[in-house]
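Q: I'm new to this structure and would like a close look at one part of it. Could you walk me through it in plain words?

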Amino acid sequence: MTRGQRFNNRAFGHVPNDFEVFLQMNALFSERNQEWRPVPFWVDFLIRLGYRWPASTMGPRRIALLSMPCDSAAAELVALGAMIRDLGNSNANDVPGHYDALMRYASQYLEHCRGCDLPECDPAAKRCGYVAKATGRLRYSPSPRKVYTVSGSTDLANGRIALETPAGRTRSRSGEMNGPVTSWPNAEHATNWHIENEPPPQLASTEGALSEGPYRQIITEAEIHSNNLRRSYSGLCLAGRAGGEGATREICKSVRFQFSGGEYSLSDVLTIHSWSMAVPISRVIFYNARTEKFDRYTPQPSLVIADGDTSFLKVLGGSEFQRSDVIGVIHRVVERDRLEALGNQMLGLQQWYAEDTEILGRLPAAPRAIGLSILKRRTP
Amino acid sequence: MPVAASQVFDFIEQQATVAIERHEIGSTAFGALRRSLRKIVVTLRDSDTQDALDISDRLRALLSEWLTVPVPFDSSMLDTLRELLGATEGVQSRWGLDIRTLYELALCAAAELPSIENPVREAIRLAIREQRSLGQTLKVYCSRRARLHFESVLVPTEDPPLLEIAFLHSVRDYRETAPFDVLIKVGPLRARGWSSAPDALLTAPRFRKLLQIVWSGCSDEPDFGYDPVSPPTDSQGASGSTAATNSGSRRGQIIWTTRLVRSGQDTGALPGDAAELDELRVFREMIQQREKRTATLVQVDEEHAILYPPHSLVLSFDPDPASREPIDRRMPSETLFEGMYLIRPLVDDVDFGGVRAEHGHYSQIWKSKLKLEWRANAAGLIARLRTAGLNLQHLSSAIQHWCKPPSTVIHAPQQMKHFEVLLRVLEVDGDAPNNRNQKTPLWKLAWNEVRRSRGEAIQFGVQEQEIVEEQLLNILRKLVPQIRERAMTGGGFHLAIPPGSGITGDLLFLRVSGIEEGFRVPETDLKVVRELSMVDQWRD
């Protein structure tokens, strides 16, 4: 089916409803390998909910609970909307804080992880306050196969990081093995280095950068800063399903969009670091609700979208998220105990939070059977 | 495989309204039976003897089933009552004249019932026929154990049978079903326990019409259809004898129409008693007064289940080849599903550090003696056991049950004092060395074995248990190919831990055949294997 045909698709068994004809999205949609169809209203609503969520981290904290009538990729669609919103925010990138992030990493490695006596990293048992091991290894973007290690010469007190390449890989003119080479990157050039197994903060060129087209076709009025297409961002977090990363990725892969530039699954466009080899940068961090680990370090995401009741409750209880806005997305076809746990949590929050009618008023009307409650902290 | 969300949303968008057609059925004979039994249950609950409390629990489970499952009215109802309570004279001598009078009324009513067809069954049959004639796709929501009663309402020569896909037994079944036309539900809408169903029936309907068939007086829970985003308001629904109401639902603009149809009459209310009192509500209030914990049932074979408190993580195996972590700790009904396996190590509770190698070693000794004695002189054995203090109701059927070979558990008396009497009468005495080579009475070792098989062997504390589980996880992950091969047979199985793993012993793999919410269970009965007939008393 071509895009020109998309409102004349009776032959495919789908009759567009009143809502669909008002949609502006220039895309087709398919779910669980079903036929292509215009993007349904419920999908549009969820993406726009994420897109219109207030970007400011200075305002009062907000917590929302979105309730769906069935299992779906709703949380990931909200995350996609929020990601497009952040593409339009020139401050939404990891470049300014990158040197500080490297210093924190170096400090963790040198003062804790390097000398840790546990055979396997277990922050809960060690009570070190970290969430994952710092190996001390970094990659150099202009030459990604090159590995650097945080050097013991690092001056933590004065904020100067020293990196060294391993010894013995090359020989000197005299034929002797070279010793380790130490580099002292300054803050300006630090973006060339990034923590191993994490995305680079910025690509040196547009090669490997995100393509603007799909995002612009999802939200036609979206403003996108071209620099953001080659920069990572750690302020938006998707907290995955209770089943773990595999289960979350599975549901994302089952949702596909067809744009003028090609087909993309939801797992492609979300740019979660380990999900796509094609794009080195990442605009959404992933929190595995099963293992309770992030896919990379983040000081404090500004918005967390939690997929499912277990994930939502874990995020609300997690110390890493205490200042983040949280959107919990659940479906109602679960046991009463689980529904009540959520209801009690929302009720408990009302001691400090009030219903946010302002944001509710700004959002499009929800499709039938989607429930939404938004709470705003009474004092910032 | 879950249904595509767009299919659900398309269906909801197309539905202007969703209908509830509620059929309330009255019956004088059945009314007399339920009122009498209810009074007995409530009166015996106040008693301070264990015997009376047990009878009260069993009667409560029995009546709850009759109220929520389309059982046939046959002689088995009368037989069951007689088996439970015995002769009327005995009832009077144990609990007084009032209970005897109520019991006699119940017996009279139960004797009268086989002369009529259960009107609930008739209503189901008519509903199925009508919906089929209209070409509607229909499904039945009921517990797995109630299914045969739905299947049997149809006349084999006239009605095509209900197929497997016509039944929904769990929240998960409902979650994964595609939209359809008519849902049949017997009993009130309750979130937990007898007649329980997902709140999503009201908050996320996948059908055009809910056809509900209930005994008169059985009310839906006022907060059924709970949605954490929209806190409960006053109960919705119909009022009046035959009424049709429209209610704009609080739940995201889903509009319901409710039609109430009453049939049959219940004219025989007991003096001083309300004509229609909701037994299920009365029983729930009664249970809530006792200290119990909410639990999820995991059924592991046709007769047994284990109850877990909320958020338990249980060691389990997922036979799905696509599973990334086949061996893992999973949460019942969230990450542990039907078709997976619970893994239970046979841990020795006397000596931490080892896992017992054999399942049912001592039971072979006493069970073979029991079988011999039973075959030689059953009546004599019963008499000797009663004289020695094992004075259980239905001792005959209990002994036959204990003779069964070990399966998921070692079948044996529930209480230690009864077990001791049994082995004493069987003359299984003497001592045997325990793990520390200390002489221990044989009956104690055999009792430990029974307890261990039920999962009661957790003497050594949570931390040690976690260490064992951690070690087991590592061992089990290496055994995955072997476990997969054994799981191909489909049933439960044993596996010995390979030598040199640091632990010696045996692992039981129990296939999960059902998961159900809605139980309130004493602390001591959590995480242990229990018979389903016993578990029923803990349904809300």
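Predicted model: local features only at pLDDT ≥ 70, side-chain atom pairs only at ≥ 80, totals over all residues.

A: Chain B has a mean pLDDT of 83, and 86% of its residues reach 70 or more. For the model as a whole, the scores are ipTM 0.85 and pTM 0.74.

Now for how chain B is divided. Its domain assignment gives domain 1 (5-25 + 118-263), domain 2 (28-117 + 278-288), domain 3 (293-347 + 458-538) and domain 4 (361-454). Let's zoom in on domain 1 and domain 2 of chain B. Their C-alpha centres lie 29 Å apart. Where they meet, 21 residues of domain 1 of chain B are in contact with twelve residues of domain 2 of chain B. On the domain 1 side, two elements give two or more residues each: helix H7 (119-133) and helix H8 (147-151) of chain B. H7(B) gives the most to that side, with five residues. Sort the domain 1 side by class and you get eleven nonpolar, seven polar and three charged residues.

Elsewhere in chain B, Lys444(B) makes a handy landmark. You'll find Lys444(B) in helix H16 (residues 442-454) of chain B. It has 18 other C-beta atoms within 10 Å, so Lys444(B) counts as partly exposed.

Next, follow chain B to its partner. The contact between the chains takes 35 residues from chain A and 36 residues from chain B. On the side of chain A that touches chain B, strand S3 (62-68), helix H9 (336-349) and strand S17 (371-377) of chain A are the elements that give two or more residues. H9(A) gives the most there, with seven residues. By class, that side of chain A has 16 nonpolar, ten polar and nine charged residues.

Chain A has its own division, into domain 1 (3-94 + 203-377) and domain 2 (98-195). Their contact takes five residues from domain 1 of chain A and seven residues from domain 2 of chain A. The domain 1 side of that contact has three nonpolar, no polar and two charged residues.

Most residues other than glycine have a negative phi. Asn33(A), which is not a glycine, has a positive phi of about 60°. Asn33(A) sits in the loop between strand S1 (28-31) and strand S2 (37-38) of chain A, and it counts as exposed because it has 8 C-beta neighbours inside 10 Å. Thr271(A) is also a residue other than glycine with a positive phi, near 55°. Its place is in the loop between helix H7 (266-269) and strand S12 (285-288) of chain A. With 21 C-beta neighbours inside 10 Å, however, Thr271(A) counts as buried.

Key:
Residues numbered from 1 in each chain as written. Chains lettered and ligands numbered in written order. pLDDT = per-residue confidence, 0-100. Contact = placed C-beta atoms within 7 Å. Helix = DSSP H or I, 4+ residues; strand = E, 2+ residues; numbered from the N terminus. Nonpolar A, V, L, I, M, F, W, Y, C, P; charged D, E, K, R; others polar. Buried ≥ 20, exposed ≤ 12 C-beta atoms within 10 Å, placed from the backbone. Domains from an automatic or database assignment.
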